[in-house]
Amino acid sequence: MNKVLSFFKETAPIKLIAISIGIVALSYFIEKPLPNVFMGLRLIAFLLFVYGAIRLLNRK
C-alpha cells in the first residue's frame, strides 16, 4: 500500500494526466463486451485526471 501511495505522491502531474488519457483510450475497446468495467475505468481515469490537474495547478 505504501508503494501505491508513494507512486501518486511522487509522480509528475503530467505523467498522471497521460496515464489517465491512456486508460480512457484503452477503455473504448471494452465498451461493448464489458460495460461495467468500461465505466469503472472511466471513473478511475477521471479521478487520475482531476488529481493530476490539481497538482499541476498547485505547483509553485
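Helices are taken here as DSSP runs of H or I with at least four residues, and strands as runs of E with at least two, numbered from the N terminus. The structure is a predicted model, in which local features need pLDDT of at least 70 and side-chain atom pairs count only at pLDDT 80 or more, whereas totals for chains, interfaces and linings use all residues. Residues are numbered from 1 along each chain as its sequence is written, and side-chain values use heavy atoms, with hydrogens and water left out.

By these criteria the chain contains 3 helices and 0 strands, and its pattern along the sequence reads α-α-α. The C-alpha trace spans about 45 × 25 × 15 Å along its principal axes. Of the 60 residues in the chain, 18% count as buried, a class defined by under 20% relative accessible area, with exposed meaning over 50% and partly exposed the range in between (1.4 Å probe, protein chains only).

Two packed helices are described by the angle between their axes and the distance between the axes. For helix 2 (residues 13-27) and helix 3, the axes come within 8 Å and cross at roughly 160 degrees, which means that helix 2 is roughly antiparallel to helix 3. In this description the axes are lines fitted to C-alpha atoms, for helices over the stretch in contact, and angles run from 0 to 180 degrees between N-to-C directions; angles under 35 degrees count as roughly parallel, over 145 as roughly antiparallel, 65 to 115 as roughly perpendicular and the rest as oblique. The crossing of helix 2 and helix 3 is left-handed, a term used if the near helix is turned anticlockwise from the far one by less than a right angle, with right-handed used if the turn is clockwise.

Individual positions were then considered on each of these two helices. Ile14 belongs to helix 2 and is exposed, with a relative accessible area of 52%; its C-alpha atom is separated by 26 Å from that of Glu31, 17 residues apart along the chain. Val37 is located in helix 3 and counts as partly exposed, at 40% relative accessibility, and a separation of 26 Å is found between the C-alpha atoms of Val37 and Lys9, which are 28 residues apart along the chain. Gly40, also placed in helix 3, is partly exposed with a relative accessible area of 29%, and its C-alpha atom lies 13 Å from that of Ala25, 15 residues apart along the chain.

Ile54 likewise lies in helix 3 (residues 35-58) and, at 45% relative accessibility, counts as partly exposed.
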